[in-house]
Amino acid sequence: MNLKRKMFGLAVLFAATVPYGAVQARDTIQIVGSSTVYPFATVVAEKLGKKNFNTPVIESTGTGGGMKLFCAGLGVKYPDFTNASRAIKKSEVELCAKNGVTGIIEIIIGNDGIAFSNSANSAPFNFTKEQLWKAMAEHGPKPKTWSQIDPSLPDVAIKIMAPPPTSGTRDAWNSLVMKAGCKSVGKYDDLGKKKCAVFREDGAVEEAGENDTLIVKRLAADPEAFGIFGFSFLDQNRDQIQGSTIEGVEISLDTIQSYEYPIARPLFFYAKKAHVNVVPGMQEYMDEFVSDNAVGEYGYLMDRGLVPLESKSLSEVRTNVSSLKTIDG
Amino acid sequence: MNRGFSRTTGGKPLSSLNIRRQRAERRFRRIGLFGVGLALASVLFLLGTIFSSGYSAFWRLHFAVDIDFDPVLMNVSSDPSLEELRDVNYLALFRKNLERSYPEVKGRSERRKLAQMFSESVPDILESLVISNPSLVGSKQRIWVLSSSSAEMIYKGAAPRDIEETRRVLTDQQLTWLDQWQGENLTRTRFNFRFFTSGPSRSPELAGLGGAIVGSALTLLVTLLISFPMGVAAAIYLEEYAPKNRVSEIIEVNINNLAAVPSIIFGLLGLAVLLNVFGLPRGTPLVGGMVLSLMTLPTIIIASRAALKAVPPSIRDGALAMGASPMQTIFHHVLPLAMPGILTGTIIGLAQALGETAPLLMIGMFAFVADTPSGILDQASSLPVQIYLWAESSERGYVELTAAAIMIILVFLVFMNLLAVFLRKKFERRW
C-alpha cells in the first residue's frame with residue numbers, strides 16, 4: 001500500500017511540474033543560428049554568464065534554420081537572437097512580419113573570409129574565381145584534373161569538400177564565387193543565378209556536412225583534396241592545412257578586413273527589440289559583443305579568428321546597439 | 001559417440017571422406033576463431049586510440065605566477081570592504097603583475113603574447129581568492145593558475161613544436177617562455193577536477209562534462225518514469241490478460257517493429273508532435289526523456305514479457321487455488337519473480353537511451369548550455385551531444401576532451417550493463 005501511495009505521489013508531482021514551468025517567464029537568453037558565428041557567440045555568452053546573468057543557451061542551427069526559428073513569433077517560446085553569416089533576406093523579414101515579429105535589430109560583428117584550403121604538406125596554390133567555377137559547376141566544362149582548366153595548375157584530380165545548402169558559408173560562396181565565375185565565363189545570362197550555383201554531382205565536389213573539424217582532418221590526410229570553410233578553422237589548424245591565394249591575394253586578417261581577399265563577407269546577429277528588457281541580459285549581451293574588449297583591435301574574439309570591423313563601421317554599429325535601431329522601422 | 005563414427009568406417013583405415021571432414025571441421029573452427037580475433041582486435045584498437053588521445057585530458061598544466069595584491073594596483077583602500085573588492089579590475093591586476101615579473105617584455109603585442117600563455121580564467125581565480133580571503137590584500141603570493149590550451153597542447157605533445165613559427169600554435173618567444181618556466185619549476189600538472197564539475201566552455205582548458213552528466217541523468221529519469229510503468233503495464237496486460245487472437249498478434253508484431261525503427265524517426269515525431277503541436281519547451285530533458293522513452297518502451301515490453309512468460313504456471317495456479325484474485329496473483333506472486341528480468345531489460349534499454357544522439361538533435365537538445373540545468377524544464381545538453389559538439393570545435397584542445405568524454409560515457413555504459421548482469425545473476429531463479 002505504501003509503495004502505491006508513493007507511486008501516486010510521484011506521478012502527481014511529475015504532472016504538476018509540466019504546466020507550471022511552461023508559463024513561467026524565461027530568464028535565460030536563447031540564441032539560434034549560424035555555425036560560423038556560434039564559436040564567437042559562445043565566448044560572449046560565457047562572459048555574460050560571469051556577470052550575474054544566466055549564461056545564454058546557444059543552438060547551432062545554420063543561418064537559414066535560425067531565421068525560421070527566430071521569425072516564428074514573439075514571446076518566451078521563441079529565441080531572442082539569431083546568428084547569421086549573411087544578411088537577413090527580404091523573404092525572411094516578410095516571414096517575421098507575418099508572425100508578428102517586427103522591430104528586428106541588425107548587428108554586424110565583424111568579417112570572415114572563406115578559405116579554400118589544402119594540406120599544409122602539399123604545394124600552395126593560386127586560383128581565380130573563374131577557375132574555381134569551372135572546377136565546381138554542374139553546368140561548366142566538368143574537367144577531371146586541375147591542369148585541364150589551366151595548364152599552369154598541377155595535373156591532379158579535382159576533389160573538393162563543400163558546405164551543405166543549409167549553410168550560410170554556402171550562400172556566401174555562391175554569391176561571391178559561383179556567380180562571379182559564371183559571369184566571367186559569360187554564361188550568367190544563359191544559366192541564371194540558380195543554375196550557375198549548382199555544384200557538380202559526379203563526385204568531384206562532395207557536400208561534406210557542417211562538421212568543419214572533420215574536413216580539416218580529411219584534408220590533412222589527403223594531399224589532393226581541397227576544403228571550403230571559415231577563416232577561424234584555417235587559423236586554428238595552420239600546422240595541418242594552408243589557405244590558397246585567390247586572385248593572387250593571400251587570406252589573412254588584414255586582407256579580409258580590407259576586403260582585398262575576394263571571398264570575404266560580414267557576420268551578423270539579429271535581435272528582437274520587443275524582447276529587450278523582458279528577458280534579462282539582452283542589452284548587456286549586445287553591449288558586450290560590440291565592446292572594445294570583444295571586437296576591438298586586441299579583443300578576445302580576434303584571438304578566435306574573427307576579423308574586426310574598421311573602426312568607423314564599428315562606431316556606427318555601437319550607435320545602433322545603444323539606440324536599438326531596427327531594420328524594419 | 002566417437003565409437004559410433006568409427007563403426008561407420010567398418011574398421012577400415014580412415015577413409016578419405018573422413019579426413020576431408022576433419023579438415024573441414026578444423027577450417028571451420030579456424031574461421032570462427034579468426035572472426036572472434038578480428039572483432040576483439042578492432043574493439044581493442046578503438047579503445048586504444050580513444051584512450052591514447054583522451055587520457056591526457058584528465059590532467060591540466062598549471063603555471064606559477066607571483067601576484068602582488070598591492071592596494072594601489074588594485075585601486076582600493078588598505079582595508080577594503082567586500083564591495084570594493086568586487087569592483088576591482090582583476091584582469092588589469094594580473095597584467096600589471098606580469099609586467100613587474102617580466103620587465104624585459106616590452107610593447108603591447110609582446111605583453112599580449114605573454115598573457116596568452118595563461119588561461120582566460122586567471123582574473124576569476126584571483127577574484128575568488130581575494131573575496132574568500134580579504135586579508136590577502138597587501139601581501140605577495142605565488143599562485144598556481146591554469147595555462148592556456150595552446151601552451152598545454154605543446155607541453156603534452158598534442159600539437160607539433162618542430163615546425164616553422166607561422167604554422168605552430170605558439171610563437172618562438174612563447175615556446176622559450178614555456179621551456180624557461182619548465183626549467184625553473186614554475187610548471188606543474190594536477191588532476192582535472194573541473195572536467196567532472198563544470199559545464200562546457202569555449203576555452204578547452206575550462207570545459208567540463210558536469211552539465212552534460214546532469215542533463216543526461218535528468219533525461220534518463222524522465223525516460224525511466226515514463227517507460228518503466230507503461231512498459232511493465234503493457235507487458236502484464238499482453239501476457240496475462242490479452243486474449244490470444246489476430247489483434248494481439250498484430251500488436252506483438254508492431255512492438256517488435258517499433259524496436260527496430262531508426263531512432264531519428266522518434267526525434268522527428270518529437271519535433272512534430274511534442275514541440276510543434278503541444279508546444280513543450282525546446283531542448284529540455286522533459287522532451288528528450290519523452291522521445292527516448294518511446295525508444296526504450298519496446299525494449300522494456302519485450303524483456304518484461306519474456307520475464308513474465310518464464311514464471312512457471314504452477315505459481316499462478318497455486319495462488320489462484322488459494323483464493324487470490326488474478327490481480328493479487330500477478331502483483332503478489334508473478335511480478336516479484338519476474339522483476340529481475342524486467343529490471344535487466346529496463347537497464348539495457350536505458351543504456352541504449354544514454355548513448356542516443358540523433359533524436360536529441362531533432363528536438364534541439366543540441367545547444368551550448370554553460371549553466372548546469374536545475375530541472376527538467378531547463379534547456380540542457382547530454383553526454384553524447386556534448387561529444388558531438390566538442391568534436392565539431394576548431395580548437396586543438398577539444399580533441400583530447402572529445403576522447404575523454406567518450407571514455408566517460410563508456411564507463412557509464414559498462415557500469416549499467418554490469419548492473420544488469422549482477423541483478424540477473426543475483427536474483428534470477430530457475431525452475
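Q: How many of the 329 residues in chain A are buried, as a percentage?
A: Begin with the term: a residue is buried if 20 or more other C-beta atoms lie within 10 Å of its own, exposed if 12 or fewer, and partly exposed in between, with C-beta atoms placed from the backbone. Buried residues account for 43% of chain A. Keep in mind that this is a predicted model, where local features need pLDDT of at least 70 and side-chain atom pairs count only at pLDDT 80 or more, while totals for chains, interfaces and linings use all residues. As for names, residues are numbered from 1 along each chain as its sequence is written, and chains are lettered from A and ligands numbered from 1 in the order in which they are written.

Q: How many helices and strands does chain A have, and what does its C-alpha trace span?
A: Helices (H or I, at least four residues) and strands (E, at least two) are DSSP runs, numbered from the N terminus. Chain A has 14 helices and 11 strands. Along its principal axes, the C-alpha trace of chain A spans about 80 × 55 × 40 Å.

Q: Which domains does chain A have, and how far apart are their C-alpha centres?
A: Domain bounds come from an automatic or database domain assignment. In chain A, domain 1 takes in 27–111 + 266–323, and domain 2 covers 117–264. The C-alpha centres of these two domains of chain A are 28 Å apart.

Q: How many residues of domain 1 of chain A are in contact with domain 2 of chain A?
A: Two residues are in contact if their C-beta atoms, placed from the backbone, lie within 7 Å. Here, 17 residues of domain 1 of chain A meet 16 residues of domain 2 of chain A. On the domain 1 side, helix α3 (residues 63–70) of chain A gives the most, with 3 residues. To sort residues by class, Ala, Val, Leu, Ile, Met, Phe, Trp, Tyr, Cys and Pro count as nonpolar, Asp, Glu, Lys and Arg as charged, and the others, Gly among them, as polar. That side of domain 1 of chain A has 4 nonpolar, 10 polar and 3 charged residues.

Q: Which residues touch the most other members of the largest nonpolar core?
A: A nonpolar core is a set of buried Ala, Val, Leu, Ile, Met, Phe, Trp, Tyr and Cys residues joined through C-beta atoms within 7 Å. In soluble globular proteins, nonpolar side chains tend to be buried together. The largest core here has 150 residues, and V44(A), Y270(A) and A405(B) touch the most other members. Helix α14 (residues 285–310) of chain B supplies the largest share of this core, 13 residues. Apart from neighbours within four places in sequence, the contacts of Y270(A) include F70(A), F81(A), I88(A) and I104(A). There is also a second, separate core of 24 residues, with I67(B), V130(B), A151(B) and V169(B) among them.

Q: In what order do the strands of the open sheet in chain B stand?
A: Two strands pair if DSSP finds at least two bridges between them. The 3 strands of this open sheet run in the order β2-β1-β3 (chain B), with antiparallel pairing. β2 (140–146) and β3 (187–191) of chain B are at the edges with a single partner strand each, so one side of each has no neighbour in the sheet. Strand β1 (residues 59–68) of chain B pairs with β2(B) over 7 bridges, and V65(B) has I143(B) as its bridge partner in β2(B).

Q: Where is N185(B) found, and is N185(B) buried or exposed?
A: N185(B) is in the loop between α9 (172–183) and β3 of chain B. N185(B) counts as exposed because it has 8 C-beta neighbours inside 10 Å. Phi of N185(B) is near 60°, a positive value in a residue other than glycine. N185(B) is 121 residues from A64(B) in sequence, yet 8.6 Å from A64(B) in space, C-alpha to C-alpha.

Q: How many residues of chain B are in contact with chain A?
A: On this interface, 30 residues of chain B are in contact with 27 residues of chain A. Both β4 (367–368) and α18 (383–392) of chain B supply at least two residues of the chain B side. By class, that side has 13 nonpolar, 8 polar and 9 charged residues.
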